[in-house]
Amino acid sequence: MLSRSAISRNAPRAFQSAASHRGMASAASGLQYDVSEAAGVKLANREPAGVTGTIALVAKAGSRYQPFPGFSDALELFAFQSTLKRSALRITREVELLGGEFSSTHSRENIVLKTKFLANDLPYFVELLAEVASQTKYPGYELDELVSKLLKLRQVALANNPEAVAVDAAHSLAFHQGLGESITPSAHVPYEKNLSTEAVAEFAKSAYAKSNIALVGSGVSSSELSKWVGDFFKGLPTAGTSGQYQPKSNAASKYYGGEQRISTKAGNAVVIAFPGSGAFGASAYKPAASVLAALLGGEPSIKWTPGFSLLGQATQGFSHIRATTKNYAYSDAGLLTISLSGKAEQVASAGKSAVDVLKKAAAGEISAEDIKKASALAKFRALESAQTLETGLEATGSALINGSKPYQIGEVAQSVDSVTEAQVKDFAKSLLSGKASVASVGDLSQLPYASDLGLTV
Amino acid sequence: MSAPSLTNFIVKRPLLKRWMTPIANWYVDAAGYRKLGLRIDDLVPEESETVQTAIKRLPPKVAYDRIFRIRRAFQCSISHTLLPPAEQTKPHEDVEYLSPIIREIEKENKERADLDNLVVKRR
């Protein structure tokens, strides 16, 4: 047990150290990625080598780059299926035997194939990733019996999550094509007419070409990794083929804005979106956006309290509502979203208070202390997402492929620290003067229009 | 699905193969299914998981043609007629289209049985 005197002795020290802004260099060592290249494949690795390791293959083939709807989903679901050398069942059993795990996911920009394993098994898993990338069989029956069924289940799950539908709709309002493509095509999209195994195989050839992928490792030795990657990734094509099914070219994202209303029985959600901050290193990187996102907040980071965040305070009285503010960062754009979901009438009135607090932030009626708290939280989130594997691997791989700076933890911390109160205020003001993207999903008779909320679309 | 056969034994020995080929051709023709417009793989018994899965994996056009041949043969059988010689299956048309898929599925099943080799024994 801590005695009371121990707490009182340490508390001032905590404040002092927070105030003295310790340099990040000491904290950041061990979090930097070594960047290299082996057999033409871009490679980033984070040492020290430990007892377990993780490597991920990041391919620039997410829904933004897919030639037709559903291709990224299909390619992701085809990962770790039968290859020319062995069947899907054998891959699963072998990985089980080694105590490793593999998974595949895709986001709007990337497909990520991730493996985790005991350090000794590094060569096996590098070979497995190379095999998946270059030698997957794509037989027709796997599409019919497995992939399209999984895709249908995914569509059902999406249709029953109003918040996800609203976030997808907000993206398509904000960016139209490209980033606006929904992550998984909804059940109403005629995606089957283009989706065939030959087409997916052709898409895969370009998606997993050397120029289009990056390998990101963590906890493995850099020299070992580059040696094995050099051995196994030789067989990959250097550049994609040209044809109907190659990934879409990288058209710069442009922000449009607008309003969309979708009725569903699954629940209620309103997403209010504004142009936000791009990924670190991109030209659209605006640290003020992440501070504003933390300031608006909604979900407390500490239990049993509404938290300091403006939305958390504003929605304190509503018992059936979930409010979050998030900045979706992409390689050349970003989207700052305020999502509210829950009971229809409460979502409607919470939407109004959300816009009110944003107006308050734009008018500069926020206490300096709240902004300080928000910038500390924003800094913590940026650093944490770089440190944890789930987000850090993809962010690093994406930065490598797109040729911008790889995640430099020290610089991220500095740029968030340097955000001033006036910058946050100006940023909020610019959001309100520009166009918003408002997506309402659910019981439309009760959900508000953007003009009711006081937003221009 | 397959019964034990001497085929592999014979095919590996050129002399034996040269002797047996005319006999085999005569035998297949005498079996009479070609006169009803069928192919050898149309005769595979369908009543098993494996063959059902294989039929599902056929390309749509091939599956359609298969049903067409079977129904035509059925009509011939009911009316006790043979097809006119022009419509009968030619030897070069009589190729395996289902058996390769069946063999692949059998291989998958065998692999699954080998890998899932935990057997619960009751005492």
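Two strands are taken as paired if DSSP finds at least two bridges between them. The legends below use that rule for a predicted model.

**Figure 1. The six-stranded sheet of chain A.** In this open sheet the strands follow the order E1-E2-E6-E3-E5-E4 (chain A), with mixed pairing. Strand E1 (34–38) and strand E4 (101–106) of chain A are the edge strands, and each pairs on one side only. From one strand to the next the twist averages 20 degrees. Strands of a sheet pair through backbone hydrogen bonds, in either the parallel or the antiparallel sense. For E1(A) and strand E2 (residues 41–46) of chain A the sense is antiparallel, over five bridges. Within this pair, Asp34(A) is opposite Asn45(A) in E2(A).

Figure 2. Helix H14 (389–401) of chain A lies across E1, E2, strand E3 (52–59), strand E5 (111–118) and E6 of chain A. H14(A) runs at about 140 degrees to E6(A).

**Figure 3. The five-stranded sheet of chain A.** Five strands make an open sheet of mixed pairing, ordered E7-E11-E8-E10-E9 (chain A). Strand E7 (258–263) and E9 of chain A are at the edges with a single partner strand each, so one side of each has no neighbour in the sheet. The twist from one strand to the next averages 10 degrees. Helix H10 (residues 287–296) of chain A lies across E9 and E10 of chain A, and runs at about 175 degrees to E9(A).

**Figure 4. Strand E10(A) and its two partners.** On one side, strand E8 (residues 269–275) of chain A runs antiparallel to E10(A) and is joined to it by seven bridges. Phe274(A) has Leu336(A) in E10(A) as its bridge partner, and Ala273(A) is opposite Thr337(A) in E10(A). Strand E9 (residues 321–329) of chain A is also antiparallel to E10(A), with nine bridges joining the two. Here Ala323(A) is opposite Leu340(A) in E10(A). Four residues lie between E9(A) and E10(A), which form a hairpin.

**Figure 5. Burial along strand E10(A).** A residue counts as buried if 20 or more other C-beta atoms lie within 10 Å of its own. Nine of the nine residues of E10 (residues 334–342) of chain A are buried, so the strand is largely enclosed by the rest of the structure. Gly334(A), Leu336(A), Ile338(A), Leu340(A) and Gly342(A) point one way from E10(A). Leu335(A), Thr337(A), Ser339(A) and Ser341(A) point the other way.

**Figure 6. Helix H13(A) and its covering helices.** Helix H13 (residues 368–387) of chain A has 20 residues and reaches 29 Å from its first C-alpha to its last, close to the 28 Å expected at 1.5 Å a residue. Its buried residues are Ile371(A), Ala374(A), Ser375(A), Leu377(A), Ala378(A), Lys379(A), Ala382(A), Leu383(A) and Ala386(A). An α-helix has 3.6 residues a turn, so residues three or four places apart point the same way. The cover over the buried residues of H13(A) includes H10, H14, helix H15 (409–417) and helix H16 (421–433) of chain A.

**Figure 7. The contact between chains A and B.** Five residues of chain A are in contact with five residues of chain B. Helix H4 (residues 88–98) of chain A supplies three residues, the largest share of the side of chain A that touches chain B. That side has two nonpolar, one polar and two charged residues.

Figure 8. An unreviewed UniProt entry places "domain: Peptidase M16 N-terminal" at residues 47–183 of chain A. This span is 49% helix and 16% strand, with its end C-alpha atoms 33 Å apart. The UniProt annotation "domain: Peptidase M16 C-terminal", from an unreviewed entry, covers residues 195–374 of chain A. Residues 195–374 of chain A are 36% helix and 21% strand, and the end C-alpha atoms lie 45 Å apart. Asp452(A) is in helix H17 (residues 450–453) of chain A. With 13 other C-beta atoms within 10 Å, Asp452(A) is partly exposed. The C-alpha atoms of Asp452(A) and Thr264(A) are separated by 21 Å, the two residues being 188 residues apart along the chain.

Conventions:
Residues are numbered from 1 along each chain as its sequence is written. Chains are lettered from A and ligands numbered from 1 in the order in which they are written. This is a predicted model: local features need pLDDT of at least 70, side-chain atom pairs count only at pLDDT 80 or more; totals for chains, interfaces and linings use all residues. A residue is buried if 20 or more other C-beta atoms lie within 10 Å of its own, exposed if 12 or fewer, and partly exposed in between; C-beta atoms are placed from the backbone. Two residues are in contact if their C-beta atoms, placed from the backbone, lie within 7 Å. Ala, Val, Leu, Ile, Met, Phe, Trp, Tyr, Cys and Pro count as nonpolar, Asp, Glu, Lys and Arg as charged, and the others, Gly among them, as polar. UniProt positions are given in the numbering used here, feature names are shortened, and annotations may be inferred rather than shown by experiment. Axes are lines fitted to C-alpha atoms, for helices over the stretch in contact, and angles run from 0 to 180 degrees between N-to-C directions. The expected span of a helix is 1.5 Å times one less than its number of residues.
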